[in-house]
Amino acid sequence: VPSLLRGFSAPVRLDYDYSREDLCKLMSRDDDGFVRWDSSQLLAISVIGEVQQQLQRGAAVAVDPLLLQSCDQLLLDESLDPAMVAAMLVLPGENYLAELAGEGAADVEAIHNARKAVQQAIGSHCAGALARRYASLASSAPYAPSGEQIAARSLRNACLAFLAAADSRYLQLAREQMEEAHNFTDRLAALKTLAFYGGAADWEDPLEQFYSTWGHETLVVNQWLAVQAAMPDGAAIERVRGLMAHPDFDIRNPNKVRSLVGTFAAHNPLNFHREDGAGYRLLREVVAELNGINPQVAARQLTPLTRWRYFKGRQQMMRAELELLAAQAGLSPDVFEVVSKSLE
């Protein structure tokens, strides 16, 4: 089995016909870190694609045991750097999967549901190994920005996310971690786990507690806004609009705009691409307002809309919002350039 592009030796896209068995071998045995990581991603992409097809046909979901077994073995191998294990476990993002689908072929709901099903399957199949690694990586040592501690935290929080995605009982671990953590990284990871995998009863109080504790820290408030913008529940758009009226949000502040609106548009594809087009309207309205305040920031926020060609069943709605912007009087050169090039 060839081990290609070792050490990320060339910034290219490689199309090689690996079988899943080949990828499992590279993922578990190669001595090159990049190849191991890349193989894990290619295997996950292949399996998520298969699950997506099952969902689109209305068939029962069956996640390839090869991926589940490979993840289990990965967690059991304590000779590997925990940061490496964490990176290999994290599944490819929905935006990247949409890009791989090609123009006009990205099915937003199917991609989201397929990725979620695979994440839940890994969390369920590997629950024992995930729980053991989570417990073994706990530390009472004073916080230090060392590579060793950073690696341990990254894997521990990855384990927590998989466990909570598969079984709501593990949300209790997130609650405990949020209360007991002695560093911000672990607190924020616990909050994200509750927000992304729990219901309103699980995240309402923690979000309020987080804000009441850290509301005086501007950068932390930006993280608080970003967490809520990225939450995949059905109330995301209404929540973002509500937060735009929050005293700590200021549309004239680029960091606030990026944290709330930018995170929503770029990192919450399920809601940004909502069937009724409300996500697109929200972004267009914000860009229209920003056009007269900070044209450069307004232009950069438009990127998710400019990818309108990729999304199945959404192309006309996305293009329509760009056309409304193009027709707006007094459009800045920055925004006009992005809009006009996207519509060409």
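This report takes a quick look at one serine and some aromatic rings in a predicted model.

## Around Ser-332

Let's start with a loop. Ser-332 sits in the stretch that runs between α19 (315-326) and α20 (333-343). Is this residue buried or exposed? Its relative accessible area is 7%, and the cut-off for buried is under 20%, so Ser-332 counts as buried.

Who does Ser-332 meet there? Leaving aside residues up to four places away in sequence, Ser-332 touches Asn-291 and Pro-295. With Asn-291 there is also a polar contact: the two side chains are joined at 2.8 Å.

## Aromatic pairs

Now for the rings. How many aromatic pairs does the model have? The count comes to eight. Tyr-16 and Tyr-18 make up one of them, a tilted pair with 4.6 Å from centre to centre and 55° between the planes.

These two tyrosines can also be described by their accessibility. Tyr-16 has a relative accessible area of 42%, which makes this residue partly exposed. Tyr-18, at 16% relative accessibility, counts as buried.

Elsewhere in the chain numbering, Phe-8, Phe-34 and Trp-37 are linked by ring pairs into a cluster.

## Charges over rings

Arg-156 places its charged end over the ring of Tyr-134, at 3.9 Å from the ring's centre. Over the face of Trp-203 lies Arg-239, and here the distance to the ring centre is 5.7 Å.

Definitions and conventions:
Residues are numbered from 1 along each chain as its sequence is written. This is a predicted model: local features need pLDDT of at least 70, side-chain atom pairs count only at pLDDT 80 or more; totals for chains, interfaces and linings use all residues. Side-chain values use heavy atoms; hydrogens and water are left out. Helices (H or I, at least four residues) and strands (E, at least two) are DSSP runs, numbered from the N terminus. Buried means under 20% relative accessible area, exposed over 50%, partly exposed in between (1.4 Å probe, protein chains only). A polar contact is a pair of N or O atoms within 3.5 Å; within protein, one must be able to donate a hydrogen and the other to accept it, and residues adjacent in sequence count only if both atoms are side-chain atoms. Contact means heavy atoms within 4.5 Å. Rings of Phe, Tyr and Trp (its six-membered ring) pair if their centres lie within 6.5 Å; planes under 30 degrees apart count as stacked, over 60 as edge-to-face and the rest as tilted. A charge sits over a ring if NZ of Lys or CZ of Arg is within 6 Å of the ring centre and within 35 degrees of the ring normal.
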